[in-house]
Amino acid sequence: MAIINKLDAMSLVSHPQLTLRQLWHFVVAAEAGTMAEAARRLHLAPSAISMSIAELERIVGAELAVKRRAKGLTLTASGKMVLLQARELLDRAHDLQTMGQGTREELAGPLTVGCFMPLGPVIIPPMLSAFAQQCPKVEVDFLEGFHQEMQDALLDGSIDVAFLYGSEISTALRSATVAMAEAQILLPSGHPLAGNPSVSLREISEEPLVLFESEPITQRILGLYQGSGLEPMIRHRSRSYATVRSLVSTGRGVAVLFQQPALEAPYEELNVVLKPLKLDDGNIAVVPVSVAWPRTSRLNSRAQAWVEVAAELFENAGRRG
């Protein structure tokens, strides 16, 4: 209890020995799990990080982590408490630092964004257009990949931010939800149910399923069937939304997808139709669409603007839809 009271009373004024660098090194080491990995992420020698943590322990007056060669870094109870408050202090410091960084039109420099592949065709083009209008001096490049690939790229610093489905996101990442993607049934344009306002799983339960096979969406789709007491008749599996759509358009089956309809392409041109999935209880199945970034990195002003523009774009698209 004493350690909690001591931390609650902490401030940079009353404890001038405490530095943001010490807190930053401790947070990175705690999340990396080892001094070696923390050193790699921070481009520092492990001894420098170890000295920062040792000084922080001296200021706090408690051991924060136990270092074992085989098991890496294990936080003590005090260390877990310090970690929570260190993150909060660093977040507040970041807010102060970026408070007066000017308008979006004045932002300049590179920004590399990632996107979970199925979201790419419907998110990246409108995002690039909207962002270019508001931040014309920022040079944006993007990288597509599967869910885990994008998370790995965030953690190794290859990209600044990434669009992901907001489920099963690593605890090493922070995220902000910008939209909700609803479960949709994809049918051939000539299907008997193509004219219905919505379609239930029971109505297509006897039809072959073209399953999009890429986590975390695959388990979401199968979970919908399981929740309705149905067994999917899987005919084909594909890791490509484009292939799934093509197979459905040629009558090879139906599909369940999670999409943001207001931003979706005109599916009629592809000889398929997208219909809202109607659950047995009358509710809709959704999965969050989020922008994610590493916990051990503060969003720079360009990345922060990207997150804000994304939230605005999705909000406006939802209103139009």
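Me: Let's start with a cysteine. Is Cys115 buried or exposed?

Reply: Keep in mind that this is a predicted model. The idea is to check the relative accessible area: under 20% counts as buried. Cys115 has 0%, so it is buried. Cys135 is buried too, because its value is 1%.

Me: How many disulfides does a search of the whole structure find?

Reply: For that you look for pairs of cysteine sulfur atoms within 2.5 Å. Here the search comes up with zero.

Me: Which residues touch the most other members of the largest nonpolar core?

Reply: A core like this is a set of buried nonpolar residues joined through their side chains. The largest has 75 residues, and Phe163, Tyr165, Leu201, Ile204, Leu224, Phe258 and Val289 have the most contacts with other members. Another core, of 25 residues, lies apart from it and includes Met35, Leu42, Ile53 and Leu83.

Me: And how do I read the protein as a whole?

Reply: Count the elements, then look at burial and contacts. There are eleven helices and twelve strands. Of the 321 residues, 48% are buried. Among contacts between residues at least 6 apart in sequence, 74% join residues at least 24 apart.

Note on methods. Residues are numbered from 1 along each chain as its sequence is written. This is a predicted model: local features need pLDDT of at least 70, side-chain atom pairs count only at pLDDT 80 or more; totals for chains, interfaces and linings use all residues. Side-chain values use heavy atoms; hydrogens and water are left out. Buried means under 20% relative accessible area, exposed over 50%, partly exposed in between (1.4 Å probe, protein chains only). A nonpolar core is a set of buried Ala, Val, Leu, Ile, Met, Phe, Trp, Tyr and Cys residues joined through side-chain atoms within 4.5 Å. Helices (H or I, at least four residues) and strands (E, at least two) are DSSP runs, numbered from the N terminus. Contact means heavy atoms within 4.5 Å.
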